[in-house]
Amino acid sequence: MSEKTVTFGDNILLPAIGQGTWYMGEKASQRRQEVDALRAGIERGLTLIDTAEMYADGGAEEVVGEAIAGQRDKVFLVSKVYPWHAGGQKGMAACEASLRRLGTDHIDLYLLHWRGNFSLAETVQLMETLQQQGKIGRWGVSNLDYADMQELWQVPGGQACATNQVLYHLASRGIEYDLLPWCQQQSMPVMAYCPLAQAGRLRTGLFNHPVVNAVAKEYNATAAQILLAWVIGHRGVMAIPKASSIQHVEENAGALAISLSAEAVMQLDAAFPAPKQKTALDVV
């Protein structure tokens, strides 16, 4: 398998495809399948797992906690804090609650889920305190656009931000106008959520698109694998698709071995052109 990796900080190499957990933990009847899928992903090298206190009101963190029990050291664990918890004592309590649900004493990467009432300075202060206490390794942000990042960069300590997690897929390319080039300039990894355009809505259109399917046929791959290969083909970008079944995990892992040719990328670009002007950051 090709070693497609993304570097976090100075010394952490992670697979360019991780595992997302949005919508996990919502139904007790699916818990066993979700835990098994995450474990299968870890076995196949998809060792970054992304979750959040928001997902199923902590239920997804509990699923992750069960999946990583006994193998915490194999996993790079990411969770996210609600904006209204992202400062002061509320933030300390939120992180403690996430740690309990995850069954661990530290989170490798803790993200501000989106901007809220706490100032960026207050959030940075919270993150630094949690780092000093050993509860988190690195910190970052999610759903912050170019202007937000410029603002963060002016905050004392703000340049320690390790990543920005944003919506990004073939049919939503707004970040390519200014945000992605800037992150690449800072050598800051970008984590793409909904890289398959979120089940439903755009997903069907993308999965059934003739150009996507033609490229998939050429590579003897699935449409989903081509969409993932396209996302991680961008420098410093990793994808965190949700995979609630072992079959999906295997499919996602297979995308790490696909390197799209310049011609294939041109075909996809022609079908889904990048914006030529600033567009609002897509958020779901």
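Reply: Let us begin with a term: a residue is called buried under 20% relative accessible area, exposed over 50%, and partly exposed in between. Please keep in mind that this is a predicted model.

Me: What is the phi of Ala-56 near?
Reply: The phi of Ala-56 is near 55°, which is a positive value in a residue other than glycine. Most residues other than glycine have a negative phi.

Me: And what about Asp-57 and its phi?
Reply: Asp-57 also is not a glycine, and its phi is positive, about 50°. Asp-57 is placed in the loop between strand 4 and helix 2. With a relative accessible area of 68%, Asp-57 is exposed.

Me: Changing topic: how many aromatic pairs does the structure hold?
Reply: There are nine aromatic pairs in the structure. One of them joins Phe-8 and Phe-76, whose ring centres are 5.7 Å apart and whose planes are at 45°, so this pair is tilted.

Me: Which parts does that pair tie together?
Reply: Phe-8 belongs to strand 1 (residues 5–8) and Phe-76 to strand 5 (residues 76–81), so the pair links parts that are 68 residues apart in sequence. Phe-8 is buried at 0% relative accessibility, and Phe-76 is buried at 5%.

Me: How are the rings of Tyr-146 and Trp-182 arranged?
Reply: Their centres are 6.5 Å apart and their planes are at 85°, so the pair of Tyr-146 and Trp-182 is edge-to-face. Tyr-146 lies in helix 5 (residues 146–154) and Trp-182 in helix 6 (residues 179–185), so parts 36 residues apart in sequence are tied together. Tyr-146 is partly exposed at 30% relative accessible area, whereas Trp-182 is buried at 7%.

Me: Which residues form one aromatic cluster?
Reply: Trp-22, Tyr-23 and Tyr-55 form one such cluster.

Me: On to helices. How do helix 1 and helix 2 pack?
Reply: Helix 1 (residues 31–43) and helix 2 (residues 59–68) pack at about 55°, with their axes 9 Å apart. That angle makes helix 1 oblique to helix 2. The crossing of helix 1 past helix 2 is right-handed.

Me: Which residues make the contact?
Reply: On helix 1 they include Val-35, Leu-38 and Ile-42, and on helix 2 they include Val-63, Val-64 and Ile-68. Charged residues take part as well, among them Arg-31 and Glu-62. By class, the contact of helix 1 with helix 2 has seven nonpolar, no polar and six charged residues.

Me: And helix 8 with helix 11: which way do they run?
Reply: Helix 8 (residues 210–218) and helix 11 (residues 262–271) pack at an angle of about 165°, with axes 9 Å apart. Helix 8 and helix 11 are therefore roughly antiparallel, and their crossing is left-handed. Their contact includes Val-211 and Val-215 of helix 8 and Ala-264 and Leu-268 of helix 11. By class, this contact of helix 8 with helix 11 has six nonpolar, one polar and one charged residues.

Me: Last one: is Glu-251 buried or exposed?
Reply: Glu-251 counts as buried, at 18% relative accessibility. Glu-251 lies in helix 10 (residues 246–254). Leaving aside neighbours within four places in sequence, Glu-251 is in contact with Thr-222, Ala-224 and Gln-225.

Technical notes:
Residues are numbered from 1 along each chain as its sequence is written. This is a predicted model: local features need pLDDT of at least 70, side-chain atom pairs count only at pLDDT 80 or more; totals for chains, interfaces and linings use all residues. Side-chain values use heavy atoms; hydrogens and water are left out. Rings of Phe, Tyr and Trp (its six-membered ring) pair if their centres lie within 6.5 Å; planes under 30 degrees apart count as stacked, over 60 as edge-to-face and the rest as tilted. Helices (H or I, at least four residues) and strands (E, at least two) are DSSP runs, numbered from the N terminus. Buried means under 20% relative accessible area, exposed over 50%, partly exposed in between (1.4 Å probe, protein chains only). Axes are lines fitted to C-alpha atoms, for helices over the stretch in contact, and angles run from 0 to 180 degrees between N-to-C directions. Angles under 35 degrees count as roughly parallel, over 145 as roughly antiparallel, 65 to 115 as roughly perpendicular and the rest as oblique. A crossing is left-handed if the near helix is turned anticlockwise from the far one by less than a right angle, and right-handed if clockwise. Contact means heavy atoms within 4.5 Å.
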